Each structure stands twice: as C-alpha cells, then as structure tokens.
Amino acid sequence: MSVTELGASGSGAAAASQPEALQAALRAYELGDFASVRRLTAPLVAAAGSEHAEAARQLRARVSVDPIALGVLSFAFALMCVIVYVYVP
C-alpha cells in the first residue's frame, strides 16, 4: 500500500485500516509539518514487514533531504570559502 493509495484525504476503506499514527503523519504532511511526519513515522518504519511500514517509509522519503541539494550546497559553500580565502585580505 503506497502513500498515494492511502490518499491524502484520509477517507475510504484504506483510511479505516490505517494505524492512527499513519493517519496523523498524513495530516501533518498535508499541513507541511515535516518534523512531525518524521517523528510519527519512525515507529511505523521500525515495524518492518507490514504494508503500513512501507507506506511510512515512502512518506519519510518524501520529506527527507535531497542528496543533490546537499551536494550543490556543499559545492557553493566550498567555492565561497575559496573566493574569500583568495580575494579577502
């Protein structure tokens, strides 16, 4: 069961079978409270093997930091340090 199948609206039979923590995590995701999403999905991800764990893992992946963005940020910071070192007395 994917996050898309769970539905952001939280209605229907799929929503009724979800754990309360996953429903709360979906509501937090809709509101943009990504810290709460990480906190609420942590116990569900730890319960490996269930379809709810996979849905929680997918939801966590949506709010995780993009590795390409980290690379670009690191490169920009390194470039700024080099420029400051070379051109600032």
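This report describes a predicted model, from its overall make-up to single residues.

## Basis

The model is predicted, so local features need pLDDT of at least 70 and side-chain atom pairs count only at pLDDT 80 or more, while totals for chains, interfaces and linings use all residues. Residues are numbered from 1 along each chain as its sequence is written, and side-chain values use heavy atoms, with hydrogens and water left out.

## Overall make-up

The chain has six helices and zero strands. Read from the N terminus, the order is α-α-α-α-α-α. Helices (H or I, at least four residues) and strands (E, at least two) are DSSP runs, numbered from the N terminus.

The chain holds 89 residues, and 24% of them are buried. Buried means under 20% relative accessible area, exposed means over 50%, and partly exposed lies in between (1.4 Å probe, protein chains only).

Contact means heavy atoms within 4.5 Å. Among contacts between residues at least 6 apart in sequence, 41% join residues at least 24 apart.

## The largest nonpolar core

A nonpolar core is a set of buried Ala, Val, Leu, Ile, Met, Phe, Trp, Tyr and Cys residues joined through side-chain atoms within 4.5 Å. The largest one has seven residues: Ala 25, Leu 26, Ala 28, Val 37, Leu 40, Leu 59 and Val 63. Helix H3 (20-31), helix H4 (34-46) and helix H5 (51-63) each give two or more residues to this core. H3 supplies the largest share, three residues.

Val 37 belongs to this core. Beyond its neighbours within four places in sequence, Val 37 is in contact with Ala 25, Ala 28, Tyr 29, Leu 59 and Val 63.

## Helix H3

H3 has twelve residues. Its first and last C-alpha atoms are 17 Å apart, close to the 16 Å expected at 1.5 Å a residue. The expected span is 1.5 Å times one less than the number of residues in the helix.

The buried residues of H3 are Leu 22, Ala 25, Leu 26 and Ala 28. They sit on the same side of H3, because they cover an arc of only 160 degrees around the axis. The arc is that of the directions from the helix axis to the C-beta atoms. Exposed Glu 20 and Leu 31 lie on the face of H3 turned away from its buried side.

After H3 comes Gly 32, with a positive phi near 85 degrees.

Ala 28 is part of H3. Its relative accessibility is 8%, so Ala 28 counts as buried. Not counting residues up to four places away in sequence, Ala 28 touches Asp 33, Ser 36 and Val 37. Ala 28 and Arg 38 are ten residues apart along the chain, and their C-alpha atoms are separated by 9.7 Å.

## Helix H5

H5 has 13 residues, which at 1.5 Å a residue should span 18 Å; the end C-alpha atoms are 19 Å apart, which agrees. Its buried residues are His 52, Ala 53, Ala 55, Ala 56, Leu 59 and Val 63. These cover an arc of only 160 degrees around the axis, so they lie on the same side of H5.

His 52 is in H5. Leaving aside neighbours within four places in sequence, His 52 is in contact with Ser 17, Gln 18, Pro 19 and Leu 22.

## Thr 41 in helix H4

Thr 41 is found in H4. Its side chain has a polar atom 2.7 Å from the backbone oxygen of Val 37. The side chain of Thr 41 also reaches the backbone oxygen of Arg 38, at 3.5 Å. A polar contact is a pair of N or O atoms within 3.5 Å; within protein, one must be able to donate a hydrogen and the other to accept it, and residues adjacent in sequence count only if both atoms are side-chain atoms.

Thr 41 touches Ala 25, Ala 56, Leu 59 and Arg 60, not counting residues up to four places away in sequence.

## The aromatic pair

The structure holds one aromatic pair. Tyr 29 and Phe 34 form this tilted pair, 5.9 Å centre to centre with 35 degrees between the planes. Rings of Phe, Tyr and Trp (its six-membered ring) pair if their centres lie within 6.5 Å; planes under 30 degrees apart count as stacked, over 60 as edge-to-face and the rest as tilted.

| Residue | Relative accessible area | Class |
|---|---|---|
| Tyr 29 | 27% | partly exposed |
| Phe 34 | 35% | partly exposed |
| Thr 41 | 0% | buried |
| His 52 | 16% | buried |
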